Amino acid sequence: MPTTLRFRRALTAVVLSTALLAGATACGGGGSGQTQGAQSQGQGEELSTAAVADLAALAAAEPAAAEADELAAAAPTPTTSAEKQKFAKTRFVANAGLAAGATYQWIIKPYREGKFKKGAKGRTFALIKAGLAGAFAYNRLKAAAENAKGDPLLSKAVAPLTAGIESLKGLGTKLRKGDAGDADVSSLQDVITGVKEAGKSAGAEVTDKVPSVSQLGG
């Protein structure tokens, strides 16, 4: 296995461990007695099921996607112009779809449900997941924009969106810290919508693809 892939997988474990530790610390702070014990037990159950699965998927998503990029780069290079354009569109659709799926599942949906608001149940884990999803979406959108350069029509459609994609660079950190506001989430949604419309106009229609443990593990 290439050194870069081993490093990414090691980094995945570190990110996941840090996220879980942060969540556990937040759950355990403040208060005492029977009520606090009951709350801790309930939160522990949440961590052992949905939270662990979601965090594992997100922590694994970026290195897994990057590994797919490396494998694609090592594959036989398309020779004809038509083959190159088809390959570019396929990679664009895959990366943009992952970005859109992660954005909706772990950012847009919980945001609309009020899970990022102070005092909301499960807020700590919701923010951790959103932060990881934000960083993942940014990296996949960057990759999609790079893929688009392989097809003239797609490249022309995506070019106006590059500044918007770059503006999302620090969104993951803002989400994780709970500092992202309505404008940040709206901007992300606008970029995702723009990428989808660009793809559709160039014959590379994007559909949401939510990263999962089963899809990304292995």
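Which residues does Asn147 touch, not counting residues up to four places away in sequence? Counting a contact as heavy atoms within 4.5 Å, Asn147 touches Ala88, Arg91, Phe92 and Asn95. This is a predicted model, in which local features need pLDDT of at least 70 and side-chain atom pairs count only at pLDDT 80 or more, while totals for chains, interfaces and linings use all residues. Residues are numbered from 1 along each chain as its sequence is written, and side-chain values use heavy atoms, with hydrogens and water left out.

The side chain of Asn147 also makes a polar contact with the side chain of Asn95, at 2.8 Å; such a contact is a pair of N or O atoms within 3.5 Å, where, within protein, one must be able to donate a hydrogen and the other to accept it, and residues adjacent in sequence count only if both atoms are side-chain atoms. Asn147 counts as buried because its relative accessibility is 17%, buried meaning under 20% relative accessible area, exposed over 50% and partly exposed in between (1.4 Å probe, protein chains only).

Asn147 lies in helix H4, helices being DSSP runs of H or I with at least four residues, numbered from the N terminus. Of the 26 residues of H4, 20 are buried, so this helix is largely enclosed by the rest of the structure.

Definitions and conventions. Helices (H or I, at least four residues) and strands (E, at least two) are DSSP runs, numbered from the N terminus.
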